[in-house]
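Hi,

Here's the structure I promised to pass on.

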Amino acid sequence: MPQDVTLIHSLLLFSTAFIAGGLNAVAGGGSFITFPTLIFTGVAPVIANATNNTGLWIAAIASARAYRRDLNIEKRQLLLLVGISLIGGVIGAVALLYTSPTVFKKMIPYLLLAATLIFTFSESLKKWLQLQTQNDSPPSPPLFMLLVSQLLISIYGGFFGAGVGILMLATLTFLGIKNIHSINAFKTLLGSCINGVAIIPFMFAGMIAWHQVMIMAFGGCLGGFLCAHFARRLEPSLVRKFVIVVAFGMTTYFFIHG
């Protein structure tokens with residue numbers, strides 16, 4: 001069960017959530033900092049995952065309204081993608097609850113490695129996907145295939161979550177969405193659906209450390225809000241490099257000490 005948090009742990013969680021909120025506002029990858037921090041402060045891995053999901057979801061939902069005008073897609077497709085994201089998020093969350101804590105702990109290094117590689121090569125993936133949609137204007141794949149892809153991504157998001165936004169990039173690009181603001185809008189909306197619905201099984205299972213959630217939500221909201229004003233002064237590529245270094249460092253740590 002979630003444990004009480006000390007003053008030092010509170011300050012550490014607030015600081016890392018603040019940084020994560022800023023990173024997510026500029027380049028993403030905030031979970032690479034907050035999830036390990038929860039474990040370092042003594043939270044059990046499964047509870048840390050559920051708590052991290054909840055805390056960063058609250059911080060992310062605060063910025064979701066800013067993108068609502070960029071959701072220019074056929075209503076039927078939008079509702080189907082939202083619905084499949086909700087279903088996948090629940091499946092992933094329930095799968096996590098039925099996963100042995102010992103097994104999940106052993107999976108952490110590999111999950112972090114997968115998310116780190118996805119984040120590291122996301123720009124190359126994005127350029128390749130854009131190239132595929134531009135060359136000879138290939139037809140969009142069937143909606144069924146897009147929904148299957150989104151379902152698998154949503155299950156992963158409900159189970160772990162780090163890097164899920166980058167995985168959704170493929171689905172959104174092949175759907176024919178090329179405007180960066182529209183892509184961010186869909187990533188924010190669908191990501192909020194996945195993480196938000198995953199909270200429900202976590203709540204019923206008592207797997208959320210609410211004290212830590214409140215600290216992280218406040219820090220994440222504050223960090224995201226402030227960085228929204230200063231993001232243009234930062235070089236996204238430098239921020240991405242910082243996240244990649246941290247991600248590989250955390251992954252290496254868990255492979256050695258996991």
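This is a predicted model: local features need pLDDT of at least 70, side-chain atom pairs count only at pLDDT 80 or more; totals for chains, interfaces and linings use all residues.

Let's start with the annotation. The unreviewed UniProt entry lists "transmembrane region" for residues 6–26, 38–58, 78–98, 149–177, 189–208, 214–231 and 238–256. I looked at two of those spans in the model. Residues 78–98 are 95% helix and 0% strand, with 31 Å between the end C-alpha atoms. Residues 238–256 come out as 100% helix and 0% strand, and there the end C-alpha atoms are 27 Å apart.

Next, the inside. The largest nonpolar core has 56 residues. Those with the most contacts inside it are Phe32, Phe35, Phe104, Ile108, Leu112, Phe160 and Phe202.

Two of these names, Phe32 and Phe35, turn up again in helix α2, where both are buried. This helix covers residues 31–40, and it is largely enclosed by the rest of the structure because 8 of its 10 residues are buried. After α2 comes Gly42, which has a positive phi, near 100 degrees.

What does Phe32 touch, leaving aside its neighbours within four places in sequence? The list is Leu112, Ala115, Thr116, Phe119, Val243, Val246, Ala247 and Met250. Gly249, in helix α11 (residues 236–257), is 217 residues away from Phe32 along the chain, yet their C-alpha atoms are separated by 9.6 Å. Gly249 itself is partly exposed, at 40% relative accessible area.

Leaving aside neighbours within four places in sequence, Asn52 is in contact with Ser31, Thr34, Phe35, Leu38 and Met216.

Last, the cysteines. How many disulfides are there? The count is 0, taking a disulfide as a pair of cysteine sulfur atoms within 2.5 Å. As for individual cysteines, Cys193 is buried at 12% relative accessible area, whereas Cys221 is partly exposed at 29%.

Cheers

Definitions and conventions: Residues are numbered from 1 along each chain as its sequence is written. Side-chain values use heavy atoms; hydrogens and water are left out. UniProt positions are given in the numbering used here, feature names are shortened, and annotations may be inferred rather than shown by experiment. Helices (H or I, at least four residues) and strands (E, at least two) are DSSP runs, numbered from the N terminus. A nonpolar core is a set of buried Ala, Val, Leu, Ile, Met, Phe, Trp, Tyr and Cys residues joined through side-chain atoms within 4.5 Å. Buried means under 20% relative accessible area, exposed over 50%, partly exposed in between (1.4 Å probe, protein chains only). Contact means heavy atoms within 4.5 Å.
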